[in-house]
Amino acid sequence: MKENTIKLIFTGDTSFARNIQEKFLETEHRLFYETISPFIQESDMFLFNLESVITDSKERYKFCNSHFNLVASSNSLDFMKKFEHINCKIICSISNNHIYDANSIGIKDTITNCRRNKIIPIGI
């Protein structure tokens, strides 16, 4: 890469809610590491939209049908720790229509879980 260039990678909605996390774990994240990981490792910044809340809280937004609540467990981002050694900044936007699916505790936990996994949360 040229010295005066910055390589940015942007992706769309990313969620680990419902059974997505289980399917992801079943494949040992192989699809992610084989297809997306090389792009992250070669970039300076990777940005994605986190389309779910990351929390173990059982609280849910009461005015929403539970089918539409996108809530993933607190360990769903742990696989990102494999990128700690690279220089790429990993950033996620958490300003979306699902950020309140587990009320205010869900927002707090999402920010905490992102930071615990070296992901910079933006948009709140």
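Me: Buried means under 20% relative accessible area, exposed over 50%, and partly exposed in between (1.4 Å probe, protein chains only). This is a predicted model: local features need pLDDT of at least 70, side-chain atom pairs count only at pLDDT 80 or more, and totals for chains, interfaces and linings use all residues. Residues are numbered from 1 along each chain as its sequence is written, and side-chain values use heavy atoms, with hydrogens and water left out. Is threonine 110 buried or exposed?

Reply: The relative accessible area of threonine 110 is 0%. The cut-off for burial is under 20%. Threonine 110 is therefore buried.

Me: Which element holds threonine 110?

Reply: Helices (H or I, at least four residues) and strands (E, at least two) are DSSP runs, numbered from the N terminus. Residues 103-116 form one such run, and threonine 110 lies in it: helix 4.

Me: Which backbone nitrogen lies 2.9 Å from a polar atom of the threonine 110 side chain?

Reply: A polar contact is a pair of N or O atoms within 3.5 Å; within protein, one must be able to donate a hydrogen and the other to accept it, and residues adjacent in sequence count only if both atoms are side-chain atoms. Here the distance is 2.9 Å, and the backbone nitrogen belongs to isoleucine 54.

Me: Which residues is threonine 110 in contact with, leaving aside its neighbours within four places in sequence?

Reply: Contact means heavy atoms within 4.5 Å. With those sequence neighbours set aside, threonine 110 touches Leu50, Val53, Ile54, Ile94 and Ile99.

Me: What pattern does the protein follow along the sequence?

Reply: The protein has four helices and six strands. Read along the sequence, they give β-α-α-α-β-β-β-β-α-β.

Me: What share of the contacts between residues at least 6 apart in sequence joins residues at least 24 apart?

Reply: Burial first: 45% of the 124 residues count as buried. Among contacts between residues at least 6 apart, the share joining residues at least 24 apart is 80%.

Me: How many disulfides does a search of the whole structure find?

Reply: A disulfide is a covalent bond between the sulfur atoms of two cysteines. The test is a pair of cysteine sulfur atoms within 2.5 Å. The search of the whole structure returns zero.

Me: How far apart in sequence are the parts tied together by lysine 7 and glutamate 42?

Reply: Lysine 7 is partly exposed, with a relative accessible area of 29%. Glutamate 42 is also partly exposed, at 48%. The salt bridge between their side chains is 3.6 Å, N to O. Lysine 7 lies in the segment before strand 1 and glutamate 42 in the loop between helix 3 (37-41) and strand 2 (45-50), so the separation in sequence is 35 residues.

Me: What is the sequence separation of the parts tied together by aspartate 78 and arginine 116?

Reply: Aspartate 78 is partly exposed at 28% relative accessibility, and arginine 116 is partly exposed at 34%. Their side chains meet in a salt bridge of 3.0 Å, N to O. Aspartate 78 lies in the loop between strand 4 (71-72) and strand 5 (89-93) and arginine 116 in helix 4, so the parts are apart by 38 residues.

Me: What is the C-alpha separation of phenylalanine 79 and asparagine 117?

Reply: Phenylalanine 79 lies in the loop between strand 4 and strand 5. Phenylalanine 79 is buried, with a relative accessible area of 7%. Along the chain, phenylalanine 79 and asparagine 117 are 38 residues apart; between C-alpha atoms, the separation is 8.3 Å.

Me: Which residues make the nonpolar surface patch of about 340 Å²?

Reply: Patches are made of residues with over 30% relative accessible area and no salt bridge: like charges are joined within 9 Å, nonpolar side chains (Val, Leu, Ile, Met, Phe, Trp, Tyr) within 5 Å. Accessible areas come from the Shrake-Rupley method with a 1.4 Å probe; for residues, only the protein chains shown count as cover. Isoleucine 6 is exposed at 66% relative accessibility. The patch consists of Ile6, Leu8 and Phe10.

Key
A salt bridge is a side-chain nitrogen of Lys or Arg within 4 Å of a carboxyl oxygen of Asp or Glu.
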